[in-house]
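Open the model in your viewer and keep the sequence panel at hand. The tour starts with the whole chain and then moves from stop to stop.

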Amino acid sequence: MEVTTGLQENGAAARHQSSREAVSQGLSNSEVAQRIKAGQVNGAPMRSSRSLGDILFNNIVTPFNGLLMVLVAVVILVDGGAVSNALFGIVIIVNSGIGTFQELRAKRMLDNLAILSAPHARVIREGQEREVAVDEVVLGDTLHLQWGDQVVADGRVVASNELEIDESLLTGESDPIAKGIGEEALSGSIVVAGSGYLEVTAVGADAYSTKITEQAKRFQHTHSELVSGTNKLLKWISWMLVVVAPLLVWGQLRLDWEGWQKAVVHATAAIVGMIPEGLVLLTSMAFMLAAMVLAKRKVLVQQMPAVEGLARVDTLLLDKTGTLTEGTLRYEGLIACDQAETGRLEQVLKTMAGRSPSPTNSAIKHGLSSVEPLAFDSEVPFSSARKWSALTIGDENWIMGAPELLLGGATNPSKGSPMGALGGADCAAANSMANGAIARTPKDCALAADAAQAQARMLGHARELAAQGKRVMAIVSSSQRPDATAIPTNSLARALVVLSESIRPDAEETLGYFAQQGTAIKIVSGDNPLTVAAVARAVGIAVEAPFDARELPADDKACLEVIEGNQVFGRVQPEQKRRIARLLQKAGHVVAMTGDGVNDALALKDADIGIAMNSGASATKALAELVLMDNQFAQLPRVLAEGRRVIANIERVANLFIIKNVYSLALSLAVTVMGLSYPYLPIQMTVISALTIGIPAFFLALAPNHRIYQPGFLKRVLGRAVPIGLIGACAMLANYCLLASRGDVTPEAAGTATSIVVLLIGFTVIVGLARPLRGWKVALVAFLVVASVAMMTLPPLAAICRYSLDLSTLPVAFATSAVAMLLVCIVQHRMGKPR
């Protein structure tokens with residue numbers, strides 16, 4: 001059995017050539033098996049999570065883990081084989097273990113969800129068309145390309161039905177490129193019009209898009225203020241360690257060269273205090289857990305920082321179809337200028353709808369299921385840029401598309417033009433809707449003697465229907481055979497095609513939520529501006545007049561003024577959606593874009609956050625950071641809430657880590673300059689870190705938090721952490737010096753009392769960061785206080801931690817702590833609640 005293309009000569013340029021010649025039967029099963037064995041397969045598709053090897057490597061092999069391992073070995077060697085001071089090495093195991101476990105858990109959930117969204121390819125094998133996974137395509141396969149597909153491998157066109165491909169993701173060329181027989185199509189490009197067959201010539205690593213991964217990768221790296229801020233902190237801390245650590249070791253050694261082992265152990269405690277061992281873990285874990293929460297709600301996160309990104313969004317660009325509406329169109333009827341031609345026009349319409357897959361064509365075919373299509377000679381397939389398609393049937397040329405393009409009078413409804421004048425009250429009756437059906441009035445729809453008057457009336461019909469929220473297309477005929485470059489000028493109005501779509505019941509509530517949160521909403525649709533405005537009003541957006549995107553100024557500054565001054569845009573072309581997103585970004589806005597069609601794909605890629613419906617085109621889903629698997633627009637507020645929780649909580653716990661780094665650094669420099677021994681042992685720093693950072697940070701990072709995002713994460717963290725860290729260092733230094741100067745206090749007892757100071761300061765910071773206090777937060781602080789008391793008073797625990805509690809040191813410790821705690825409270829009050 002052979003699969004034929006059904007593609008025919010159209011007499012256009014050679015690049016559009018197609019023929020009735022049969023496409024080859026494709027590869028046999030044995031040929032496919034041979035190519036798989038030879039490694040000539042397309043390779044694994046890009047996934048939404050890292051591989052097992054990457055997860056283990058990234059959680060275990062880190063610079064700070066490496067430094068901690070070295071310090072563990074040093075302490076064990078110089079401390080007489082005692083392991084208590086090396087217990088800080090447990091942090092490596094705990095951090096790596098928790099990080100690996102949580103990421104593997106998240107990976108399993110996200111990969112299972114990603115399978116539902118995974119792209120597929122249609123291939124011809126043994127004469128049959130089959131659907132296979134993208135990574136199962138082999139060299140020599142014949143791919144069937146249709147509207148909305150993303151080309152999955154490089155190949156040569158072997159049959160073309162006015163195939164047009166957008167290569168802007170690869171080459172930057174914004175205009176769609178027509179592909180004729182013999183021409184090359186590149187992987188990563190998108191089919192925007194027509195259809196065709198492609199013989200695969202390069203797969204996997206040899207494919208074009210793989211070779212230029214940095215320019216045309218599936219995922220652009222989503223900007224994350226948390227990740228970039230955390231990376232800056234880690235970079236600064238790393239440089240400080242390089243400078244301070246050698247000075248600290250030298251300072252401790254010069255105090256007692258003969259007891260160098262003890263000096264090395266104390267220096268190790270100071271270095272451990274300067275390492276933010278859990279900050280990276282908690283940041284990545286917060287992202288992963290958020291992704292898992294969203295996965296349970298059928299939201300696939302294809303980039304972890306995208307969760308944070310939506311919380312930073314201040315402008316949301318929405319496509320109408322599939323976002324505000326259900327996305328399922330319903331064919332309502334055809335209004336013929338001549339009632340006698342209705343049957344013939346329905347056949348023409350059924351034929352045109354059968355040429356390419358799209359929601360509009362599917363609705364028409366379903367509505368005209370009993371109508372037989374006609375044989376045709378040539379066609380110009382629909383594209384989002386042209387907004388029309390054409391067929392030649394015998395000596396008749398038929399064009400279907402946007403009424404304002406085919407019937408004339410394309411002007412901006414917001415400027416009051418011919419829009420109302422051309423309709424006329426005498427046409428109103430024909431446009432009325434009764435019980436969901438269209439009233440066809442022969443008097444008003446009769447073919448006028450004056451062709452211009454007929455077209456004016458049809459345009460009036462179309463506009464009145466569009467104002468009711470209907471999707472309307474016009475059918476015209478022409479004696480001139482159309483091609484893809486221009487609409488024939490001598491066309492005659494023949495009919496209007498009317499479709500409708502249901503508004504999502506949750507759309508108004510969802511948009512209202514974003515409006516309350518201060519997010520600007522802009523609807524950018526390729527549909528008629530009046531239709532878009534009607535839908536916008538139905539979902540609660542107050543629209544005085546929509547803007548026709550064909551009148552957007554060429555000048556960027558003037559265009560931005562129009563964009564910021566309007567909410568609803570109709571007849572927006574794909575390249576204009578990209579331009580709108582880019583101009584808003586240049587103006588300092590953080591932009592999210594939602595959509596489901598191939599005309600949304602490029603704008604989704606350029607936006608800060610791209611959100612696709614799972615029912616959308618494969619190219620659109622491939623380029624989005626978030627995919628709504630159940631196609632529910634109402635999930636977005638939950639994504640926003642998760643993003644806010646992640647941002648606010650990471651900022652909270654970052655304060656804990658940086659405060660410790662600041663006081664450890666300042667204390668290390670102070671004791672080096674003053675010629676003092678560092679007051680803590682490594683085991684004591686481990687206890688301090690666990691009780692004032694590790695345990696509370698874990699719970700605070702996962703707590704509910706609905707604070708609205710504000711930029712300046714790093715500035716706020718440093719503004720709080722640096723002064724509190726310096727207060728802590730001064731208090732510890734003062735307490736240690738006062739006690740060490742007394743002849744009746746041992747260094748161990750002075751160090752223990754100084755541990756009490758830092759613990760009390762730490763608990764004060766936790767209470768301030770945990771506001772507003774809830775029952776579980778009070779219980780958490782109480783547990784930390786009880787645990788710290790147990791560590792110092794229970795003999796077995798005190799022996800392990802090498803604490804030596806001297807009751808005579810407590811008045812000084814409590815007095816020093818009280819002053820420091822008061823200063824910390826003042827700083828936290830001036831900073832306000834943590835964002």
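## The whole chain

Start with a cartoon view. The protein chain holds 32 helices and 23 strands. This is a predicted model.

Now colour by burial. Of the 835 residues in the protein chain, 57% count as buried. Then turn to contacts. Take those in the protein chain with a separation of 6 or more: 74% of them join residues 24 or more positions apart.

## Stop one: a helix pair

Select residues 507–516, helix H20, together with residues 636–674, helix H26. Their axes lie 10 Å apart and meet at an angle of about 30°. Angles under 35 degrees count as roughly parallel, so H20 and H26 are roughly parallel to each other.

Show side chains where the two helices touch. H20 contributes Thr510, Tyr513 and Phe514. From H26 come Leu636, Pro637, Leu640 and Arg644. Sorted by class, the contact of H20 with H26 has 5 nonpolar residues, 1 polar and 1 charged.

Asn631 sits in the loop between strand S23 (626–628) and H26. Check its backbone: Asn631 has a positive phi of about 60°, yet is not a glycine. Most residues other than glycine have a negative phi.

Is Asn631 buried or exposed? Its relative accessibility is 19%. Buried means under 20%, so Asn631 counts as buried.

## Stop three: a cis peptide bond

Jump to Pro772. You will find Pro772 in the loop between helix H29 (747–769) and helix H30 (775–793). Zoom in on the peptide bond from Arg771 to Pro772. This bond is cis, with omega near -5°. Most peptide bonds are trans.

Finish at Arg802. The loop that holds Arg802 runs between helix H31 (795–801) and helix H32 (810–831). Arg802 is a residue other than glycine, and its phi is positive, near 60°.

How does Arg802 count in terms of accessibility? The relative accessibility of Arg802 is 30%.

Methods
Residues numbered from 1 in each chain as written. Predicted model: local features only at pLDDT ≥ 70, side-chain atom pairs only at ≥ 80, totals over all residues. Heavy atoms only, no water. Axes fitted to C-alpha atoms, helices over the stretch in contact; angles between N-to-C directions. Helix = DSSP H or I, 4+ residues; strand = E, 2+ residues; numbered from the N terminus. Parallel < 35°, antiparallel > 145°, perpendicular 65-115°, else oblique. Contact = heavy atoms within 4.5 Å. Nonpolar A, V, L, I, M, F, W, Y, C, P; charged D, E, K, R; others polar. Buried < 20%, exposed > 50% of the residue type's maximum accessible area, 1.4 Å probe, protein only.
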